[in-house]
Amino acid sequence: MTDNDSQTFGRLPATDAERSVAGRPTRAAVVDWWTDRFGVPRTIFESYTLWEKGAGKVWALPFDPGAPVPVEALGLTVLRTRQEHWKPTTIAAQRFGREATRNVLRLDERDQAAAFLAGEEQEIAWDGDWGYVIAAHELTGRLEPIGVGLYTYGTLQSMVPKGRRREF
Amino acid sequence: MDALSRYEPIIDDFEGFLAACERPLPTTVRVNPLAVTPDRAVEALAAEGVAVDRREWHPGVLEVDTNKPGNTWPYVHGWVHGQEEVSCVPPRVLDPEPGDVVWDACAAPGGKTAQIAAEIDDDGLVVANDDNLGRLSALRGNCDRLGVTSAAVTNTDARRATLDAFPDVAAVDAALVDAPCSCEGTIRKNADALDGAGASASRSLGRLQADILARAVALTRPGGTVVYSTCTFAPEENEAVVDEVLGRTDSRLVEFDVGLASAPGLTEWGDASYDDSLARAQRYYPHHNDTGGFFAAKLEVTA
């Protein structure tokens, strides 16, 4: 086992048996996490190669470039691992969260969606699981994910990054 | 506007051209088809009280009656990206296919990169390069916001770029050189765009541009396409660059028409004459389509 080099892209091992970098999540575990947590189809990352760069940051690319490549960015960051609770990225929630069937918290009131986008914490009665959720609202008749929230004790905490926050 | 006077012999309705250069640009956005259809984007903008005028030549290019399209829900969801109308031309001309590998030589801030990714249905690889480390964050930020998965970002001097980082890729299918230029065509949004402009500055930029374009041809497979574009009127940075690269590489110019009004590329400028095929390049002037100024040429790699 070698240690993770946070400066380079390393391909996720398919399974635990194929792991050569300590603590690196497996491809199977990433797919399991998305399907368990959000009920997305198991095919979610079928056409993607998955990579780790940085501490536990998982990237998805719809192309197989062969060996690990020395580049600045490789596809889209979809998940942060190597911490107790894995956390999806805002853009992964938007891009892949439309197919979620579980742990999607609907912000039906317009001011709820606006408060979430502004980065505010709000009290919301909801009977779903505690943990990371996909916050969504309806736009032109379709449920559209806004980003990631942390739901605990009847409170929804917005995880929208500071640079993406807006006040309408 | 003095820096523009040298173009009087080559621009029809020169008064109309100058008048257009004085007017502010319409605010336009490009719909991100990776996230939504143009119809839904228009509907969502209308629901926020933003009136939209759709462009005929490209269903995803919308003129919006707000100067802050970023403060709308469609923007938050990555449905639209602020992009000048004429800057949506080069990826259209390149017209890559799903599964293609595309090199975007001078990619920051990434609007065209994201559009190329959309053109290939985000299936394949867009090697998005920029030599300016400071501009990579904008490039990455825009690709991220628009949910682009197919981009790999590199930070090298495009004149000496290689595909060594991608051992399985022998050559790319297509390349875009949206070259660093004197930006005269952005005068409608940047009042100081003409400061320092002139033939001498343009000749100097031309050497850099030709080296990047020649590199793009070298990295592209035979039969592949390379598009060269700038946002300047200067022939020293446009026809002269393409003419030189046609002579240096195995490539030829091919015709294209994206549906916007344009003038053919020049075959003569001052004492210089260029290959007759330069007439297949296109010059987009501000008074033609109420846009910024632009130049585009489409090359096919022949060997």
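**Exercise 1. Determine which residue of chain B forms a salt bridge with A:Arg95, and how many salt bridges link the two chains.**

Solution. Begin with the pair itself: A:Arg95 forms a salt bridge with B:Asp122, and their closest N and O atoms are 2.6 Å apart. The term denotes a side-chain nitrogen of Lys or Arg within 4 Å of a carboxyl oxygen of Asp or Glu. Next, take the count between chain B and chain A, which is two salt bridges.

The model is predicted: local features need pLDDT of at least 70, side-chain atom pairs count only at pLDDT 80 or more, and totals for chains, interfaces and linings use all residues. Residues are numbered from 1 along each chain as its sequence is written, chains are lettered from A and ligands numbered from 1 in the order in which they are written, and side-chain values use heavy atoms, with hydrogens and water left out.

**Exercise 2. Describe the contact between chain B and chain A: how many residues take part, and what area is buried?**

Solution. First, count the residues: chain B contributes 41 residues and chain A contributes 39 residues to the contact (heavy atoms within 4.5 Å). Second, take the buried area, that is, the accessible area (1.4 Å probe) that two parts lose on being put together, summed over both. Between chain B and chain A this area is about 3100 Å², with 59% given by carbon and sulfur atoms.

**Exercise 3. Identify the elements of chain B on the side that touches chain A, and the strand pairing between the chains.**

Solution. Helices (H or I, at least four residues) and strands (E, at least two) are DSSP runs, numbered from the N terminus. There are 13 residue pairs in polar contact between chain B and chain A (both at pLDDT 80 or more). A polar contact is a pair of N or O atoms within 3.5 Å; within protein, one must be able to donate a hydrogen and the other to accept it, and residues adjacent in sequence count only if both atoms are side-chain atoms. On chain B, α2 (38-47), α3 (73-76), α6 (133-145) and β7 (151-154) each supply at least two residues of the side that touches chain A. Of these, α6(B) gives the most, with six residues. For the pairing (at least two DSSP bridges between two strands), two bridges join strand β4 (residues 73-74) of chain A to β7(B), and the strands run antiparallel. The bridge partner of A:Ala73 in β7(B) is B:Val153.

**Exercise 4. State how chain B is divided into domains, and which contacts its domains make.**

Solution. Chain B is divided into domain 1 (2-20 + 87-301) and domain 2 (26-83), with bounds from an automatic or database domain assignment. Their contact takes 22 residues from domain 1 of chain B and 14 residues from domain 2 of chain B. Together they bury about 1500 Å², 60% of it on carbon and sulfur atoms. B:Cys88, B:Arg145 and B:Leu146 supply 39% of the area that domain 1 of chain B buries against domain 2 of chain B, more than any other three residues. The two domains have zero salt bridges between them, and seven residue pairs in polar contact (both at pLDDT 80 or more).
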